[in-house]
Amino acid sequence: MKTVLAVLCIVIAFTSCDTPRYAYSPTAHNVPIFTKQGDSKLAAYYSNNGASSATDEDGNEYEKNSAQGVDLQGAVAVTNNIAVQANYYLRSEKANSNSTGNNYQKSSVKYNRNLFEFGAGYFTAFDKKEHFLFQVYGGAGFGKTKIRDISVDFNQTRYDLFYNTNITKFFLEPSITFRTPREIFAATIATRGSVVKFGKIQTNYSFDERREYNLDSLNRYAVFFLEPSFVGSFGFPKLPGFRIELQAGLSVLYEESFIDYRPFNFSIGLVFDIRKLMNGAAVGSRD
């Protein structure tokens, strides 16, 4: 029932005449393909958390959303079954609206988000040829979200508003990967559970504004997101250690109470294994 309510809230957020203040947007998943000690991953992604526009019943467009940025990832297998990872996430977002509530005629809302994540995990193969792999990582992240809101009321008075919060995140991410011989193609199904806590909030929003934008109780308790993702990557036999990776993921708030958040993440990036690049070795696989 909670999941159904969460999905309904997503629909409402994308169809409402009000411009939400998004407290959270998901990161890309870090799912390296490791089989032995010394395997490594360096990756850079362009990420987009989805863009939307909507029209009112008279056909007038009232909202434009954009959310994009980069994800930088690294990982290394320190033993034949244990690996560590680190991630950096940066998002720049904006939303414009001509119907914003709180007696404002229009608003221009800009976001800046950053997050550092650190984790460790276990990986193993299901079969002798190492075509089916299992891995699970857990870790923590620390970052900030800054919201700047330039709103104009019906008297054309301008208001410079802000909402800044620190973010602490804990995550657990199991995944299953299938890879073809020589890793020409690999597909991963990953599911991440993220516990997010907001704190050290600074704002000049009024209480009524915080309540309307679902920000009034943000720092009272942690929230839980279920974040499934599909990751597909393509390798090249003549370029061992280099891959192109695509991701598509969801983020669903598992709570009875509601905050506004970005429910999607799409990423495309380049992935490198430095040792394989230097050695010119074939991508690890036993045919």
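The largest nonpolar core has 23 residues, and Phe-198, Phe-225 and Ile-259 have the most contacts inside it. Such a core is a set of buried Ala, Val, Leu, Ile, Met, Phe, Trp, Tyr and Cys residues joined through side-chain atoms within 4.5 Å. This is a predicted model, in which local features need pLDDT of at least 70 and side-chain atom pairs count only at pLDDT 80 or more, while totals for chains, interfaces and linings use all residues. Residues are numbered from 1 along each chain as its sequence is written, and side-chain values use heavy atoms, with hydrogens and water left out.

- Strand β5 gives the most to the core, with four residues.

**Aromatic rings**

- There are 14 aromatic pairs in the structure; rings of Phe, Tyr and Trp (its six-membered ring) pair if their centres lie within 6.5 Å, and planes under 30 degrees apart count as stacked, over 60 as edge-to-face and the rest as tilted.
- Tyr-22 and Tyr-111 make a tilted pair, because their ring centres are 6.2 Å apart and their planes stand at 45 degrees.
- Tyr-22 lies in the loop between α1 (2–15) and β1 (40–48) and Tyr-111 in strand β5 (residues 104–125), so this pair ties together parts 89 residues apart in sequence.
- Tyr-22 is buried, at 1% relative accessible area, and Tyr-111 is buried too, at 3%; buried means under 20%, exposed over 50% and partly exposed in between, with a 1.4 Å probe and protein chains only.
- Phe-224 and Tyr-254 are edge-to-face, because their planes are at 90 degrees, with ring centres 6.4 Å apart.
- Phe-224 is partly exposed at 29% relative accessibility, and Tyr-254 is partly exposed at 42%.
- Tyr-24, Phe-225 and Tyr-261 form one aromatic cluster.

**Charges over rings**

- Arg-21 lies over the face of Tyr-213, 3.9 Å from the ring centre; a charge sits over a ring if NZ of Lys or CZ of Arg is within 6 Å of the ring centre and within 35 degrees of the ring normal.
- Arg-262 lies over the face of Tyr-111, at 6.0 Å from the ring centre.

**Salt bridges**

- The count comes to 13 salt bridges, each a side-chain nitrogen of Lys or Arg within 4 Å of a carboxyl oxygen of Asp or Glu.
- Lys-169 bridges to Glu-117, with the closest N and O atoms 2.9 Å apart; this pair links strand β7 with strand β5, 52 residues apart, and both residues are buried.
- Glu-227 and Arg-192 form another bridge, whose closest N and O atoms are 2.8 Å apart; Glu-227 is in strand β9 and Arg-192 in strand β8, 35 residues apart.
- Arg-275 forms a salt bridge with Asp-39, at 3.4 Å between the closest N and O atoms.
- Arg-275 lies in helix α3 (residues 274–279) and Asp-39 in the loop between α1 and β1, so the pair ties together parts that are 236 residues apart in sequence.
- Arg-275 is partly exposed at 32% relative accessibility, whereas Asp-39 is buried at 1%.

Conventions
Helices (H or I, at least four residues) and strands (E, at least two) are DSSP runs, numbered from the N terminus.
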